[in-house]
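Colleague: I would like to learn how to read a model like this one. Could we go through it feature by feature?

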Amino acid sequence: MSKEKIKVIISKVGLDGHDRGAKVVAFLLREAGMEVVYLGMYQTPESIVKAAIDEDADVIGLSYLSGEHLVFTPLIVKEMKEKGLDDVLFVAGGSFPPEDIPMMRAMGIDEVFRGGSLTEDFVSYIRNHVGKKGAE
Amino acid sequence: MSRRKSPSPEELVEKLLSGDRRAAARLISIIEDQSDQANDMMKMIFPHTGRSMIIGLTGSGGSGKSTLIDHLIGRFRAMDKKVGVVAVDPSSPFSGGALLGDRIRFQSHAVDDGVFIRSMASRGYLGGLARGTTDVVRVMEAMGNDVIIIETLGAGQDEIDIIHLAQTCILILTPGMGDDIQAMKAGIMEIADIIALNKADLDKANLCLSSLETSIHYGMDKKKGWLPRVVPTIAFASKSTDVRGVDELVQAIIDHQAYLHETRKIDEVRNKRIEQELGLVFKDEVEKVVFAGIKGTGKKRQYIESIRTGKSDPYSVVKEVLSTFLRV
Amino acid sequence: MSVDEAAAVKEKENQENNWDDYLQAYYEKPASTRTWSGYEVKEIYTPEDRASENYKEKIGDAGEYPFTRGLHRNMFRGRYWTRREVVGIGSPADTHERAAYCFKNGGTGLNTIADVTYEMGLDADHPWAQNEVGLTGVNISHIKDMETLVGDIPLDKVSWSLITASTAAAPTMAQYVAVSRNKGYDISRLRGSIQNDPIHFRYCGFRPACPLDLSVKLGSDVMEFCTREMPKWYYTTVNMYDLREQGITAPQEIAYGFGIAMCYIDELIRRGLHIDEFAPRFTFYVSCHIDIFEEIAKIRAARRMWAKLMKEKYGARDPRSMHFRFAVHTAGCSLIPQQPLNNLVRIAYEALAAVLAGVQSLHCCSYDEPMCLPTEKGHLQALRTQQILAYETGVTNVSDPFGGSYYVESLTDKMEEEALRYMEEVDGVGGMEEAIRTEWLDRRFETEAVKRQKEVDNLDKLVVGVNIFTTEEEKTTPLGVQRIPEHSAKSQIEGVRKLRMSRDKWKLNEAIKKLREAAAEGRNTIPAMIEATQAMATTGELLGTVREVFGYSYDPLNIIESPFH
Amino acid sequence: MAQDTTANTNPDPFAGIAPVKNLSGFEINPLYGPEDVKGMDFERDVGLPGEYPYVRGVYSTMYRVRPWTIRQLGSLGPPGEANKRIRQLVDMGANGISICLDMPTIMGRDSDDPLAEGEVGCCGGVAIDTIQDMRELLAGIELDKISINFVSNSQSAVILAMFCALAEERGLPWNLLTGTMQNDALKEYQAQKSYYFPPRPSMRLIMDTISFCMRNLPRFNPISISGYHLASAGATPMQELAFTLANGFTYVEEGIKSGMSVDDFAPRLSFFFKVHNDLFENVAKFRAARRIWARTMKEKFWAKNPASWRFRVHTQTSGSSLTAQQMENNIIRTTIQALSAVMAGTQSLHTNAFDEAFSVPTPHSERLALRTQQIILHESGAASTIDPLAGSYYVEALTQQMEEACEKYFQSIAEMGGVIAGIEKGYFQREIAESAFRYQRSLEKGARIVVGLNKYTEEEESPIALRELDSEFEKNKVAALKKYKEDRDQDLLRAKGEELRAVCKGRDNVMPALISAVRAGMTLGEAIGHMRDIFGVYREQAVF
């Protein structure tokens, strides 16, 4: 089979335990030929970034639901910077108002996918952006 | 989907030896990708390996491997050992992707820098999964882990080969799932040094336990020296107070290691491992050379044609190929 | 326009490309003629589709067994359904304010919802709670918080829904009772309800707070306590809605919901209660998705199945025990952030279906839910939707207006048949408790959820704005975004800390000791929890104490230790 | 979460007293059961879709093969603007367009007419003075593909003439033209009140257009017999049903009188209904209409062609049910009305924009109205099976009740000598006025509730962007028209005028004369003017 698989960390952060979306995405990414490390619920910025390091992941994918996106996004970006993960993509899916998307970008997230995204949307995004970040 | 930029091999190995986990992680990726740099790097790493305790755990899905490992990690950390874990999961034969869920079970060590966990998809390794895993284990040794735990499904020859890498091999069975029968058929029993009968709280546990002991007692060659030890365990319980048998399991591991060292059997194990690896590497390299030779020449098709039409036969073809590319 | 004309137009092929869309739209037809759950729908239904049926036995008038057509003969003529808006935001004070607002605008029931920290059983000052207090609901850490939440609302006049589902429902009940007693109300006359369905809540991500045995124990404690002390109180809402939101189909919603309900019923019977003693206060929470007909059929089937189940399996005699009492929550997962005002349309259809199915209590999603917590405007619009249905559409004139419809009746049979099949499947794996313990149910949810996403990916299911008629995404939320007041969380965390300092340690320890004993001796824990609450014990302390007795970590997240050793 | 099922404890004056009369004034039982449909014979009274008596739908496959036409309002004052809007709508997935005319055009006046001042292009209507305006309005739109529905009545003959002339210019054969002309004068006298000719000449013009289309525009609906306006004027759903059908039958009789054979023109008759908030009443209304029409056409007028039996209807959600207060509520109303139209089996549907209650729809609100239909079609499952309510004890009973009530009205109309006689006696006007009055009273008494209007009222108004009409427009339009008039061949124009007057005096079809007249540049106002001279002007006696 093909070499150089894309490796993705899928995780929830904090107390929100609505993990259905995260699981579905994990399944779909596997079907898209990626290697998905699923961390599940109640993760912290530290545990997520450590996993990304050990697994040498290309992407960190988070699932938000309960309005915690503005709380945790900056914390995770900070942890990534400290650990030097400047070439790892950070994307999130879930429900947030359009107003917040520029805010989250400003905080340092690479891309967000809101409810109603199609599988093709995030699969092709990952395929096209892995390895580009920090390269230029 | 080009991989991200990476420092030079020398740089990486240097960092690795200083215990840098990012370097280790990257090196493992390079092995996983079976890139050509891999061999050169392994050369540099090799001298720094061979000191760690290597434990293999195998058992069918749902037998509770990961949970048991989680407990083992805890115990070894309590002894202040640095622990590395390679958790192997199958890749999807259709998409080539994989869903690696073991980390969930290692929750309690999620932020412990003394624990390096790597989930590994089986993929389609040229020289079989075993070779890839051997190298990954080496990286973890070189990184300075005292204990390295390999986890596999124990299904199929590929994974039995992996178990051969381990010094102490633990087979996990659960009552009433007919695992024991399967195991005997698969010949895994023969290589198991310790058998953990997990979910010992389920009914049929005792029955299963005794049937195991008898089959070991009668089925095995006493002269072998070490008879597989059976340890009943309860790895998963929503209440920590209900967990059972972990200490006994750790004890069994320590005893077996002691046995290996006292009887110098450890060298046999290492030899066996080297022998196997040698074979694998050799096979790989030969294949590489040969395929490199006929690649694009259209020869392969010709050979196949000639065999199908009866003009030739596999043996003659191979002879010819070898003589051309290896000057045999 | 007639078919032959269509043909005429077809013949003439169009030169300009930009008319392709038009032509395609012109000949456009429903991409799928299956129901949302995937059952093939016939082009036409006729009397044959109901040939076999016996009206009295199988359908019956509203108010008569098996209640297919409704629980009460006069239905909405007797009383409109309760128009609900769920509120819970920021601090208890903020929540009180919003509740009063909905009340003022004609909401006829009060619903306050717990936030993730409260559901998890954490106090506001728990290290993990601090980031998230008040984000998705309200956290009640101690009796003072509950007092603030209640404020000046006359508890003997309103019907209050306490939306706490997890094992934290037990402390919630204790806190509500404690406050009522302190205010001098006779709790036997209080009306309202508490969600109290810990078993299902593991699937909403609260597993650490809802281990199976503890869920059954505390859930049933609340039910038993209310049955004995608060006859006017609805002590559980088996939450089929949350299950449906996992991505399962309509008949699966019935099957798995009933399965969980039976876990509690069996336990209460084990405790020596008779079915007719408690069943009349059993209620359900049902989803109404976008396929109007299927949802109506689902609810009609559920009414019929529940009546049969209670009568035939549990030997209930009191007709009220056979009533499938349910509230509807329009399907949050049918809403999307693209072209958000379209959600108002979806919500209206789903609410309509609920009313046509004879709902007792309805909560409409806010159109902005896929983007943020409901804004005041969003809440109001949801409420207005219900009012328009109630006052303008005439759907309230008749109970079960679809009764007799060839399509709806046969779809109702289909729903029952399929739901029964799924229930047998559950029996096959050893019953619901076993299906949960072995994570059989988790796996079922996973496969179904992936199916749903693929249906949309593959255009088997069309969603306007997602895989058809898409437009560039909005940059702003039409009616504004709800934010959490910064200060709220801080002030509440301070509150808990102060309380810990100021309270009477000795009294507290005594109360906690009593609670531990009650739990250890297998007695009902609610009375002891009420006492402890009055002794200023916090939510985390109440639950932690009981958890330890059951051999679990004091803190569900295993971070803080019990202060009582 | 929310699950209280105890008695409602919030003091709420209206709770529990649901109106037990529907809009038509029928007593509604709390529950309907098998006994309510005892007399019903499935084969005879209901049957299958696409089969006599068509209660369940006029086509056998309905939406499974092709859904209703999603028809939205494409008109904005300036013809050029309207043209843009039409294209927008088509891009968004609309497949039919309705075009309203501005007040002056409706009253047969040109933009430069003193009476027109201040009203040119007002309230979303297009100002059509000349064939030039028609060119701008329909620029780039393929008249054989997009079905254009002209909401045009007394001036229909002229509009149709311009339409035909335009097609000719484009070299597009008339027999390919598709679309609809409302062209329903009777309801103008009964309710809408935008008429100028007396009923009989109006009737002659209508017959001329029908027979002209019959021969030359086979795919074009020359008339859309409209209940919508009757309802808007206050007619109850049941009156809407009775009067619209009565008007329909009158056109059939007139057609036969004018020497056409019923099966030649009846298939081209189409209808236009309103859906109000009571969705079951709506469904019953449509189902009854299909049954009555089919039976009468077959049994009374001896129509042989099944196409003559089919009651084909365009539907619009109720503009009069919308409120300027709390405008978002209109989204909900439109949603429910649209659903009922689909469950009733309409052929074509126009959903109002939520801000229509007091402004011209913005592109945003237009889109939402359109999406509402698309959500029904693709998400709600309501289009999956035909006539899903068939068999419902309530709906079947209500359908029968509707039919019976209709028959009574037909009786009294017959007794006073038919529809036209009734109009001249002011009968319909009176009936409708009474209903309107009754409805108003019920609102004031709070017996009927409209959310945001007489209950749950609020101070602040919704901050929704409204569309402004460019005030410069009227000036420019008038100037352009003046210029256009000067540039014409005045002699030719005079000749055409004489020709037209001659035809109007005689019995020949007016269409050919009109077409050549507009081709020669005659304005709508001038054409109507000529006809007014010949036909005279109608004045109704005020109705109290």
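Colleague: Where in chain C does C:Ser366 lie?

Modeller: This is a predicted model. C:Ser366 sits in the loop between β9 (361-363) and α15 (376-391) of chain C.

Colleague: Is C:Ser366 buried or exposed?

Modeller: For burial, count the C-beta atoms around the residue; 20 or more within 10 Å is the cut-off for buried. C:Ser366 has 30 other C-beta atoms within 10 Å, so it is buried.

Colleague: Which residues is C:Ser366 in contact with, beyond its neighbours within four places in sequence?

Modeller: Those are C:Pro374, C:Gly378, C:His379 and C:Ala382. The C-alpha atom of C:Ser366 is also separated by 7.9 Å from that of C:Leu344, a residue 22 positions away along the chain.

Colleague: What is the secondary structure of chain C as a whole?

Modeller: Chain C has 22 helices and 9 strands. Its radius of gyration is 25 Å, close to the 24 Å that the globule rule gives for 565 residues, so chain C is as compact as a globular protein of that length. Along the principal axes, its C-alpha atoms fill a box of roughly 90 × 55 × 45 Å.

Colleague: How many of the 565 residues in chain C are buried?

Modeller: The share is 63%. As for contacts in chain C with a separation of 6 or more, 75% are between residues 24 or more positions apart.

Colleague: Are the faces of β6(D) covered or uncovered?

Modeller: Both are covered: D:Ile223 and D:Ile225 are buried on one side, D:Ser224 and D:Ser226 on the other.

Colleague: Which residues have the most contacts inside the largest nonpolar core?

Modeller: That core has 455 residues, and those with the most contacts inside it include C:Val222, D:Ala161 and D:Leu514. Beyond residues up to four places away in sequence, D:Leu514 touches D:Ala157, D:Val158, D:Ala161, D:Leu500 and D:Ala527.

Conventions
Residues numbered from 1 in each chain as written. Chains lettered and ligands numbered in written order. Predicted model: local features only at pLDDT ≥ 70, side-chain atom pairs only at ≥ 80, totals over all residues. Core = buried A, V, L, I, M, F, W, Y, C linked by C-beta atoms within 7 Å. Buried ≥ 20, exposed ≤ 12 C-beta atoms within 10 Å, placed from the backbone. Contact = placed C-beta atoms within 7 Å. Helix = DSSP H or I, 4+ residues; strand = E, 2+ residues; numbered from the N terminus. Rg over C-alpha atoms; globule rule 2.2 N^0.38 Å.
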